[in-house]
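Subject: Structure for you to look at

Hello,

Here is the structure I said I would pass on. Please open it alongside this message.

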Amino acid sequence: MIIGCEIGFWIVILLGLIVRYIFKQKKLGLMLLALTPLIDLLLLIITSIDLYQGAVASTVHGIAAIYIGVSIVFGKSMIKWADQRFQYYVMKEGTKPEKRYGMEYAIHYFKGWLKHLLSYLIGNGLIFAMIYFINDSSRTQALFSLMMIWSVVLVIDLIISVSNFIWPKKDEKRVVKQS
């Protein structure tokens, strides 16, 4: 079901963009794009019902919480990202999405890490709530493990983020031209 919700999320975004730009129905396209939070709600309801009915919490249940946290925090920016690229690469309109380098890239990446941290807090908050309400460590071990894995991923992402300030990303085209 989680995979279905993820596929549904991207189908709704793609349909929203197609309706918005190819069929020139801006309001309908926006309405379709606005459905993405409902997909998150559906996922949360399905996961909760499954656990309430006695299922042993699995990595899949934890991934549902991660998906919801990521979607809440990154959803709007993911839609904006897809919107810009659809306009430029499919509709041949607008400006080419810019690539960032140097400190601009480092700052942008760090802001992304802060969003990652927020999604981590939301997702792990949901995982912790599942653990609390199930109140049976034999049924929630996979959730604890997933929290630990995500913690490691968050730390690795922070290290990468900090490294961008130490070794800024260079524009390869400029480096070649200057040589």
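This is a predicted model: local features need pLDDT of at least 70, side-chain atom pairs count only at pLDDT 80 or more; totals for chains, interfaces and linings use all residues.

Overall fold
The protein chain has 7 helices and 0 strands. Read from the N terminus, its elements therefore run α-α-α-α-α-α-α. Along its principal axes, the C-alpha trace spans about 60 × 45 × 20 Å.

Helix 5
Does the length of helix 5 agree or disagree with what its residue count predicts? Helix 5 has 33 residues, and at 1.5 Å a residue these should span 48 Å. The end C-alpha atoms are 47 Å apart, so the two values agree. Just past the end of helix 5, asparagine 135 has a positive phi of about 50°.

Helix 4 against helix 5
Helix 4 covers residues 59–90 and helix 5 covers residues 102–134. The two pack at an angle of about 145°, and their axes lie 8 Å apart. Their crossing is right-handed. On the helix 4 side, the contact is made by His61, Gly62, Ala65, Ile66, Ile68, Gly69, Val70, Ile72, Val73, Phe74 and Ser77. Helix 5 contributes Gly112, Lys115, His116, Leu118, Ser119, Ile122, Gly123, Leu126, Ile127 and Met130. By class, the residues of this contact are 12 nonpolar, 8 polar and 1 charged. As background to the spacing in such lists, an α-helix has 3.6 residues a turn, so residues three or four places apart point the same way.

Largest pocket
The largest pocket has a volume of about 830 Å³. Its lining is made of 21 residues, and those nearest the centre are Ser77, Trp81, Gln84, Arg100 and His108. Ser77 also belongs to the contact of helix 4 with helix 5. Helix 4 and helix 5 are the elements that give two or more residues to this lining, and helix 4 supplies the largest share, 8 residues. Which classes of residue line the largest pocket? There are 9 charged, 7 polar and 5 nonpolar residues.

Second largest pocket
The second largest pocket has a volume of about 250 Å³. It is lined by 14 residues, of which Ser48, Leu51, Ala129, Met130 and Phe133 are closest to its centre. Two or more lining residues come from each of helix 3 (36–52), helix 4 and helix 5. This lining divides into 11 nonpolar residues, 3 polar and no charged.

Regards

Technical notes:
Residues are numbered from 1 along each chain as its sequence is written. Side-chain values use heavy atoms; hydrogens and water are left out. Axes are lines fitted to C-alpha atoms, for helices over the stretch in contact, and angles run from 0 to 180 degrees between N-to-C directions. Helices (H or I, at least four residues) and strands (E, at least two) are DSSP runs, numbered from the N terminus. A crossing is left-handed if the near helix is turned anticlockwise from the far one by less than a right angle, and right-handed if clockwise. Contact means heavy atoms within 4.5 Å. Ala, Val, Leu, Ile, Met, Phe, Trp, Tyr, Cys and Pro count as nonpolar, Asp, Glu, Lys and Arg as charged, and the others, Gly among them, as polar. On a 1 Å grid over the protein atoms alone, a cavity is a set of points where a 1.4 Å probe fits but cannot get out, and a pocket is an open set with protein on both sides within 12 Å along at least five of seven lines; lining residues have an atom within 4 Å of a point. Grid points are joined across faces, edges and corners, and a volume is the space filled by probe spheres set on the points. The expected span of a helix is 1.5 Å times one less than its number of residues.
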